[in-house]
Every structure is written in C-alpha cells, then in structure tokens.
Amino acid sequence: MDTGFLILLISCLSGFIYLIIGYLLTFKQKADLLNGIDFSKIADLPAFCKYVGNSFLLSGVVQILVGLLAYLAYLNLLLFVAIYLVFSTLPIVNVVRAMRKFQKSTS
C-alpha cells in the first residue's frame with residue numbers, strides 16, 4: 001500500500017468522524033457527546049453546542065483537505081503532520097474556551 005494512500009485513508013476517516021460529531025453538535029444539539037462537562041453551569045446550551053460543533057466541522061473539513069493534498073503530493077509530510085496536529089487539537093481548545101465563554105455568572 002502506498003504511503004500517500006494510507007495518509008489519505010487515515011485523514012479521511014478521522015475527518016469524517018469529526019464531521020459527524022460536528023453535525024450532531026451544531027444541528028442536533030447532542031451535547032451529551034461531550035463527556036466530563038457540567039452542563040448545569042452552561043448559560044446558553046444551544047449556542048455552546050453550535051460554537052463547539054462548528055469547531056469540529058472546521059477540523060473535519062481541513063483534515064480531509066490536508067489528507068487529499070498530501071496524497072496528491074502538494075504537501076510534504078512534515079507540513080501535513082503540523083497542520084493535522086493543529087486541527088486535531090483545535091476542538092479541545094475550543095471546548096475549554098466555550099466553557100469559559102458560556103459559563104453562568106455566579107452573582
């Protein structure tokens with residue numbers, strides 16, 4: 001199996017998983033997909049889901065495009081890994097930011 005095809009397969013698989021999670025969060029408000037979050041402390045749950053879901057959708061699209069570009073040899077392996085890692089961790093960072101942004105005020 002060609003290395004480029006393997007990169008394309010892995011990035012498309014993970015990208016589609018991110019797209020499914022992003023769709024469920026953004027359009028269906030399935031907040032229970034996210035474990036370890038106390039949703040009673042979130043002021044606006046639909047806005048929270050949309051914010052985090054859009055992050056997952058963006059990451060999924062970019063992962064698929066980067067995998068396709070690496071397969072077509074427009075990106076070298078080091079640049080592929082750097083972009084892939086940044087956009088793989090982007091939803092985690094945005095969940096933390098969204099928890100702070102949509103936190104209920106204590107006063």
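Val-52 touches Leu-25, Leu-34, Asn-94, Val-95 and Ala-98, not counting residues up to four places away in sequence; a contact here means heavy atoms within 4.5 Å. The model is predicted, so local features need pLDDT of at least 70 and side-chain atom pairs count only at pLDDT 80 or more, while totals for chains, interfaces and linings use all residues. Residues are numbered from 1 along each chain as its sequence is written, and side-chain values use heavy atoms, with hydrogens and water left out.

User: In what order do the elements run from the N terminus?
Analyst: Helices (H or I, at least four residues) and strands (E, at least two) are DSSP runs, numbered from the N terminus. The protein has three helices and zero strands. From the N terminus on, the order is α-α-α.

User: How far apart are the end C-alpha atoms of α2?
Analyst: Helix α2 covers residues 45-71, which makes 27 residues. The expected span is 1.5 Å times one less than the number of residues, so α2 should span 39 Å. The model agrees, with its end C-alpha atoms separated by 39 Å.

User: Which elements are included in what covers the buried residues of α1?
Analyst: Helix α1 (residues 3-26) has 24 residues and reaches 34 Å from its first C-alpha to its last, close to the 34 Å expected. Its buried residues include Gly-4, Ile-7, Tyr-18 and Leu-25. The cover over the buried residues of α1 includes α2 and α3 (77-101).

User: Is Leu-33 exposed, partly exposed or buried?
Analyst: Leu-33 sits in the loop between α1 and α2. Leaving aside neighbours within four places in sequence, Leu-33 is in contact with Ile-21, Leu-24 and Leu-25. The C-alpha atoms of Leu-33 and Ile-21, twelve residues apart along the chain, are separated by 7.8 Å. Because its relative accessibility is 38%, Leu-33 counts as partly exposed.

User: What is the relative accessible area of Ala-73?
Analyst: Ala-73 lies in the loop between α2 and α3. Its phi is near 70°, a positive value in a residue other than glycine. Ala-73 is exposed, and its relative accessible area is 64%.

User: What is phi of Gln-29 near?
Analyst: Gln-29 belongs to the loop between α1 and α2 and counts as partly exposed at 37% relative accessibility. Gln-29 is a residue other than glycine with a positive phi, near 50°.

User: What percentage of the contacts with a separation of 6 or more comes from residues 24 or more positions apart?
Analyst: The C-alpha trace spans about 55 × 25 × 20 Å along its principal axes, and buried residues make up 36% of the 107 residues. Among contacts with a separation of 6 or more, the share from residues 24 or more positions apart is 76%.

How values were computed: Buried means under 20% relative accessible area, exposed over 50%, partly exposed in between (1.4 Å probe, protein chains only).
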